[in-house]
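Here is a short note to read alongside the model, written point by point. Please keep the sequence and the picture in view as you go.

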Amino acid sequence: MDKKIMKKFKLLFLLLLITTITFAQESPRKQATGKTGEVTVTVDYGSPSVKGRTIWGALVPYGKVWRAGANENTTFSFDKDVKIGDSNIKAGKYGFFIIPNENNEWIVILNSKNDAWGSNGYNQALDVLRMDVKPINTNTNQEALDYAIGEKEIIVKWENIKIVIPVQ
């Protein structure tokens, strides 16, 4: 009888530990899903918060590849072929990265490798899209990193910057 109680206690403890870790993340996993035309777009990302820090040029350095979220890769999934900027992108799931620049346009990247941890697994040879975008200064603080799907775009907002990625 004691062995059964002990096994149940261990199982309960393990489940509580997993639940605590899952829900106490500093940068919780989020998803944004919507339609651009006939295409369903899903963005899966870790959502860090500003917490009084300077993000652009400090926490996220200028001129370096950033995973566009926290923890595992941010991914974009399309259920049908799409056009982003001037590039045709096949239906599928892609890793998403950004290279912020201090005085220039930023580079947004879709990469065929979608299962890396952060930017460590990034390989430029696997890029399927590299596109310049102009960051928009919002003059307001977006505390938690946020992605949204618009009718013809994917919108990224964090700290005082908004990026609009055209999708058709």
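The points below go from the whole chain to its cores and then to one residue.

1. Please bear in mind throughout that this is a predicted model.

2. Of the 168 residues in the chain, 39% count as buried, while the chain exposes about 9900 Å², of which carbon and sulfur atoms supply 53%. Among contacts with a separation of 6 or more, 55% are between residues 24 or more positions apart.

3. The largest nonpolar core holds 35 residues, and those touching the most other members are Phe78, Ile84, Phe96, Tyr147, Ile154 and Ile165. Several strands supply at least two residues each to this core, including β2 (39-46), β6 (92-99) and β9 (136-149), but the largest share, 6 residues, comes from β10.

4. A second, separate core has 5 residues, among them Phe97, Ile99, Ile109 and Tyr122.

5. Is Thr75, finally, buried or exposed? Thr75, which lies in strand β3 (residues 74-78), counts as buried because its relative accessible area is 4%, and buried here means under 20%. Beyond its neighbours within four places in sequence, Thr75 is in contact with Thr42, Val43, Asp44, Lys93, Tyr94 and Asn114.

Notes: Residues numbered from 1 in each chain as written. Predicted model: local features only at pLDDT ≥ 70, side-chain atom pairs only at ≥ 80, totals over all residues. Heavy atoms only, no water. Helix = DSSP H or I, 4+ residues; strand = E, 2+ residues; numbered from the N terminus. Buried < 20%, exposed > 50% of the residue type's maximum accessible area, 1.4 Å probe, protein only. Contact = heavy atoms within 4.5 Å. Core = buried A, V, L, I, M, F, W, Y, C linked by side-chain atoms within 4.5 Å. Areas by Shrake-Rupley, 256 points an atom, 1.4 Å probe, with all protein chains shown as cover.
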